[in-house]
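Thanks for coming. I will take a few minutes to go through one structure, starting with a term and then moving from one site to the contact between chains.

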Protein chains: 2
Amino acid sequence: MASVSLHPSIDSGVKPGSGSFTGGTLSCLCTTGTVRLKIKGDVAHNHACGCTKCWKPAGAMFSVVAVVPSDNVEIVENGDKLAVVDSSALIQRHACKECGVHMHGPVERDHAFKGLSFIHPERFAESGSAAPGFAAFVSSVIESGVSPSKMDSIRARFKELGLEPYDCLNPTLMDVLATFAAKKAGTYRE
Amino acid sequence: MASVSLHPSIDSGVKPGSGSFTGGTLSCLCTTGTVRLKIKGDVAHNHACGCTKCWKPAGAMFSVVAVVPSDNVEIVENGDKLAVVDSSALIQRHACKECGVHMHGPVERDHAFKGLSFIHPERFAESGSAAPGFAAFVSSVIESGVSPSKMDSIRARFKELGLEPYDCLNPTLMDVLATFAAKKAGTYRE
């Protein structure tokens, strides 16, 4: 089986995080007027994502995306170049209007993920942030024009990389979402 | 680990289908004025489902539900006792107004599942219909009041029964949904 290319940061193996990443600087792709954000602390729930909305580097089939507390995000340079891609979406993805990179995507709505912001760790200047741990919304790449006939080899490659593939989020996060929904509906029980 | 009770038809093991089931009669629970449907042929995509909308027998944590072509469903007795539970839902679940059993749930909207009807094989008088093959919407049972602390043992029990647990549908059906979405959006590629 020819190897499937999923994302440049994982195609040659998933590099573990250092476990002691204390934060860093995210940059967009612009060589002048670069947008820069400072992130405090490490990322969480880092994963490959096949949804059609997440930013992907040129040629990549999947994005790699993680969360940090929104309070740990600070725009330090050229923030005026950022615009929200789709204000109706749960994740308010702020993209560089010039190069298109999504720099941060806070969740502000009443939701289990409220207070978290989605970022792309590959845009860190520093290495060592927590590695991706699973693949989400895998079937959705079909909506980006990937042939359904490739899905078996895509899922097999993720498993080979140690990233369990899911067509929604992983069980941990799906349980978090269901718990939030249960509390909201008044059906939650310990 | 104490065994978790998921559904009476699978708790003591999944009974394989005969492979030659040619159809049968579904009944509701009423002892008088019983609603009866004739189903032609075997069921497909039979699975345990944790969603909050599917009918479950008394005390069951999951439903067991499958599909047949809607054209293979014929109401033969007391159809006047059927009413649609939620007309805004994708699946038009027709329930017996007296005992509550969902007898058939056609999908009529423009959707990958259009032309299929969801039924509960446990209501067949005859044995031998195709066995459940996976578990869907597992995390959703939290929304019905199942403690999040039980999710590990629930997923482990499904695996033990040979039913892979998913928090959405299984990869085959998720790929079918994504393919339908891609064709509708004009992004589909072979």
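A residue is called buried under 20% relative accessible area, exposed over 50%, and partly exposed in between. Take C99(A): its relative accessibility is 24%, so it counts as partly exposed. Before I go further, please note that this is a predicted model. Its scores are ipTM 0.94 and pTM 0.95. For chain A the average pLDDT is 97, and 99% of the residues score at least 70.

An unreviewed UniProt entry lists C28(A), C30(A), C96(A) and C99(A) under "binding site". These residues span 72 residues in sequence, yet no two of their C-alpha atoms are more than 8.7 Å apart, so they gather at one spot.

Where in the chain do we find C99(A)? It sits in the loop between β7 (94-96) and β8 (102-106) of chain A. Not counting residues up to four places away in sequence, C99(A) touches C28(A), L29(A) and C30(A).

C30(A) is also in a loop, the one between β1 (23-27) and β2 (36-40) of chain A. Is C30(A) buried or exposed? Its relative accessibility is 10%, and under 20% means buried, so C30(A) counts as buried. Leaving aside neighbours within four places in sequence, C30(A) is in contact with K81(A), C96(A), E98(A) and C99(A).

Next, a helix. In α1 of chain A, residues 151-160, the buried residues are M151(A), S153(A), I154(A), R155(A), R157(A) and F158(A). What do the buried residues of α1(A) pack against? Within chain A they pack against β3 (44-49), β10 (134-136) and β11 (164-165), and from chain B against α2 (171-185). After α1(A) comes G162(A), which has a positive phi, near 85 degrees.

As for polar groups, six residue pairs are in polar contact between chain B and chain A. The rule finds two salt bridges across this interface. A salt bridge joins the side chains of R155(A) and D175(B), at 2.7 Å from N to O.

Last, one residue in helix α2 of chain A, residues 171-185: T179(A). At 14% relative accessibility, and with under 20% meaning buried, T179(A) counts as buried. Its contacts, leaving aside neighbours within four places in sequence, are Y188(A), I142(B) and P148(B). The C-alpha atom of T179(A) is separated by 35 Å from that of E126(A), which is 53 residues away along the chain.

How values were computed:
Residues numbered from 1 in each chain as written. Chains lettered and ligands numbered in written order. Predicted model: local features only at pLDDT ≥ 70, side-chain atom pairs only at ≥ 80, totals over all residues. Heavy atoms only, no water. UniProt positions renumbered as here; feature names shortened; annotations may be inferred. Helix = DSSP H or I, 4+ residues; strand = E, 2+ residues; numbered from the N terminus. Buried < 20%, exposed > 50% of the residue type's maximum accessible area, 1.4 Å probe, protein only. Contact = heavy atoms within 4.5 Å. pLDDT = per-residue confidence, 0-100. Salt bridge = Lys/Arg side-chain N within 4 Å of Asp/Glu carboxyl O. Polar contact = N/O pair within 3.5 Å; in protein donor to acceptor, adjacent residues only side chain to side chain.
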